[in-house]
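Let's take a friendly walk through a protein model and look at its aromatic rings. Have the structure open beside you as you read.

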Amino acid sequence: MSIKKKADVYHGILFMALFACAAFFIGQASLMQELSFSPLIIGIVLGMIYANTLRSHLPAEWGPGIQYCSKRILRLGIILYGFRLTFQDVMAVGLPAIIVDMIIVTVTIIGGYYLGRAMKMDRDIAMLTSVGSGICGAAAVLGAEATLQTKPYKTAVAVATVVIFGTIAMFIYPVMYRSGILELNPTEMGIYSGSTLHEVAHAVGAGNAMGEEVAGVAIIVKMIRVMLLVPVLLVLGWWAASQKKKTGEGKNGGKVAVPWFAFGFLAVIGFNSLDLLPGVWVDWINQFDTFLLTMAMCALGAETSFDKFKKAGAKPFVLAACLFVWLIGGGYLLARYLVPIIS
């Protein structure tokens, strides 16, 4: 690669870094914090605004730099995401939370995909939407996108669905709990919230609104769902390869694209479980990781025009709404009746 081409790539990366800085700045606003809108969500919105207004003024040579953010930097961000988790967290909540999480993730992803196909949705959008609803919102969509190698606009559509319904859930869960509609004790409510809310930020926001006892359990249960991202990505890699083999798509002839970054993510969790780094360092790494993921979201947004949203249609949001109903109803039944049995 020539010096000029390298410089152009760096310009594109720096451009996305500036967008990420803007997302962090906006995220400090009291309204954004009250809504628990993370810089990741703000970043993709900023990118989409740019894509539909000033993108035509961007030098074409900067494109590879933006794509670098949505591919390579994204994978690094997913790996470093492991510093938010430890295996001790899993042991702390026990078997009930693990079983409920596995049921929620499995039924949401498999059921959502086949429901989407029954609605004649795009295969990739159906899978991305289901993975985002089933695991951890935008971060899961990003991980699945990196495995499936989908188009940026499909990722943006899937992220939009989990943001909308995750935010709605974040507000109604505390209301249902405080009003007594849900006959759940704090531990059961924590398992219910952590296993069904879309984003980590949603689990934190709703949990804090219901009290420290609920919040502590909800966040840990949510993090166990995040850990399930690793086996899901491995299965997705095999699934994507089998789909390409059937249709004859791709250059690899159905070869399984192993998401190596998923193993990096798991290795980082293991390292973090050893508690070798000072807490201040881990906090700094998590902040840096959020910045990297925000850059990736900005880059994905910058590749997404509203015309592509129109192309996707309303079906992804209908699918997300169906999954939203399942998470609220099915999650409640599991927390109310299954958890006491296996506790």
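Rings of Phe, Tyr and Trp (for Trp, its six-membered ring) count as a pair if their centres lie within 6.5 Å; planes under 30 degrees apart are called stacked, over 60 edge-to-face, and the rest tilted. The structure holds 12 aromatic pairs. This is a predicted model, where local features need pLDDT of at least 70 and side-chain atom pairs count only at pLDDT 80 or more, while totals for chains, interfaces and linings use all residues. Residues are numbered from 1 along each chain as its sequence is written, and side-chain values use heavy atoms, leaving out hydrogens and water.

Start with F15 and Y50, an edge-to-face pair with 5.4 Å centre to centre and 70 degrees between the planes. F15 lies in helix α1 (residues 3-27) and Y50 in helix α3 (residues 39-51), so this pair ties together parts that are 35 residues apart in sequence. Helices here are DSSP runs of H or I with at least four residues, numbered from the N terminus.

Are these two residues buried or exposed? Buried means under 20% relative accessible area, exposed means over 50%, and partly exposed lies in between (1.4 Å probe, protein chains only). F15 has 18% relative accessibility, so F15 counts as buried. Y50 is buried too, with a relative accessible area of 10%.

Y50 also meets F19: the ring centres are 5.4 Å apart and the planes are at 70 degrees, so this pair is edge-to-face. F19 in helix α1 and Y50 in helix α3 are 31 residues apart, and their pair links distant parts of the chain. Ring pairs link F15, F19, Y50 and W62 into a cluster.

Definitions and conventions:
Helices (H or I, at least four residues) and strands (E, at least two) are DSSP runs, numbered from the N terminus.
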